[in-house]
Amino acid sequence: MIELRALTKSYRTRQGRRYVFRNLNFTFPPGSNIGLIGRNGAGKSTLLRLLGGIDQPDHGAVVTDCRISWPVGLSGGFQTSLTARENVQFVCRIHGAHGEALRSKVRFVQDFAEIGDYFDLPMRSFSSGMRSRVAFGLSMAFDFDYYLIDEVMAVGDAQFRAKSKEVMMARLKQANVILTSHNMPDIRLYCNVVLHVDQGRVAVHEDIEAGIRAYQGTASAA
Amino acid sequence: MNANILPPRTPEPMRRRSAWEVQRAVLFALVLREMKARVGGQWIGAVWTLVEPLAHVMMLVTILGFVRNSAHRGPDYPVFLVTGLLPFFLFRHLATRLMDGIDANRGLFAYRQVKPLDTLLSRACVEALMNLLVYAFTLAILAWLGYSVLPAGPLEMLGVNLVMILLGTGFGVLSAVVSHERPRLRSFIRMTTMPLYLASGVIFQVDLLPREYLDWLLLNPLLHLVELSRHAFIPAYVPAEGVNAIYPVLVTLAVGALAMLLYRANRLRLVTTS
């Protein structure tokens, strides 16, 4: 269960305060894979940040009893002077994994990333592709109820993409995804409910195609 | 391929962690991370951290030895210097390193467990620990050279350094919060540590100053702590008139409270880039 209660979120800009959501009440349809669509600046990423606990609402709350991931494939949290192994260990530790749990997660990421000896080298020597491999593997190493994805991870070569998709699908057998994308095939592939975010409101479309049409309507009108 | 591609299941269903468990795990992980980043980076940096106070002492002893040989700069001048320098460096390093702490760890706030204050506190732990090591190392070298560096009042010495750590941390958190949306302020704050260095009586005895200047200097809590640190090492050293332990403790409490208040008020803004 994820519920937004009287949620208000605004940002200060040079032209005064801009409200992204004002007093928004909304319950996410339980047990669905959710696609967030909307125009640029409609508030999809803000919503994702609120769900991920990265940003806090001005008023109101995100109420949930689910475990929600950090944005999948995020590599901004890596310290480049540390090795991939040390960075992975850090994330395991803050998520309360230690001892055998920590070792098995590190092993999984190492096997998944397939970057060989680089795993024990400082990450500043990594290409962006190698960084994404570690980042994606790290996200997949944890059991969450919801995985947050901000734009689908089209990283790496064809073989790695296929593997990513396979492991994501394996995760989705027990978990759900909340995904923002401008790429409709991704939405069709992963989601069974579409949330159309527009002007601070959220509309649920159980029928994906109807949701996509609503979004494309506003997109072309704007 | 299929065998290892399935992600590992957590053996037991993950239990909800209490707030305290999360806090402890985050601080522990951050301290380890800071430590690795600080020490494991470049060895030249680690060496410099270790010998900085000694280099300072050597330079000052050489220069001042040439300039004049007054009575109080006798054979114990290096001890006089070091007992003032080390606590002062403790403060300065804490204050300036914490100031950059939020920016340096910005990427981590994407993990909901990590809050800006956690990065500051863990940095303070690592910095204090490093400085205490340097402290011990510097004293050991001086002892090896034949100076008497065993503190006459070890408890007083510990107390002074504890207050120094708290004051440095408070000041560091304060400047991190205040300079978050005004990064230019940082070079200004860094520059003010230079006059502060002089005003804290680190390299000369403030007693030699006329009374009316001394009254102004006594507003600086670092001066009190530096003088008390010397007194703890060298019982014969009489701190300047008006130096006391209460004043720096009160300033530390006030700075700490102000830092916490401003942090609380700005905590949401600190997560985002200005």
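In which helix of chain B does L253(B) lie? In this predicted model, L253(B) is part of helix α11, which covers residues 246-271 of chain B.

**A nonpolar patch on the surface**

- L253(B) has a relative accessibility of 57% and therefore counts as exposed, since the cut-off for that term is over 50%.
- Together with I246(B), V249(B) and L250(B), the residue L253(B) forms a nonpolar patch on the surface.
- The accessible area of these residues together is about 390 Å².

**Extent of the interface**

- On the side of chain B, 34 residues are in contact with 42 residues of chain A.
- The size of an interface is often expressed as the accessible area lost when the parts come together.
- Between chain B and chain A, the buried area is about 3400 Å².
- Carbon and sulfur atoms give 57% of this buried area.

**Polar links and contributing helices**

- Six residue pairs are in polar contact between chain B and chain A, with both residues at pLDDT 80 or more.
- The rule finds one salt bridge across the interface of chain B and chain A.
- A salt bridge joins the side chains of R12(A) and E181(B), with 3.4 Å from N to O.
- At least two residues of the side of chain B that touches chain A come from each of α1 (2-5), α2 (19-39) and α11 of chain B.
- With nine residues, α2(B) gives the most to that side of chain B.

Terms used. Residues are numbered from 1 along each chain as its sequence is written. Chains are lettered from A and ligands numbered from 1 in the order in which they are written. This is a predicted model: local features need pLDDT of at least 70, side-chain atom pairs count only at pLDDT 80 or more; totals for chains, interfaces and linings use all residues. Side-chain values use heavy atoms; hydrogens and water are left out. Patches are made of residues with over 30% relative accessible area and no salt bridge: like charges are joined within 9 Å, nonpolar side chains (Val, Leu, Ile, Met, Phe, Trp, Tyr) within 5 Å. Accessible areas come from the Shrake-Rupley method with a 1.4 Å probe; for residues, only the protein chains shown count as cover. A salt bridge is a side-chain nitrogen of Lys or Arg within 4 Å of a carboxyl oxygen of Asp or Glu. Helices (H or I, at least four residues) and strands (E, at least two) are DSSP runs, numbered from the N terminus. Buried means under 20% relative accessible area, exposed over 50%, partly exposed in between (1.4 Å probe, protein chains only). Contact means heavy atoms within 4.5 Å. Buried area is the accessible area (1.4 Å probe) that two parts lose on being put together, summed over both. A polar contact is a pair of N or O atoms within 3.5 Å; within protein, one must be able to donate a hydrogen and the other to accept it, and residues adjacent in sequence count only if both atoms are side-chain atoms.
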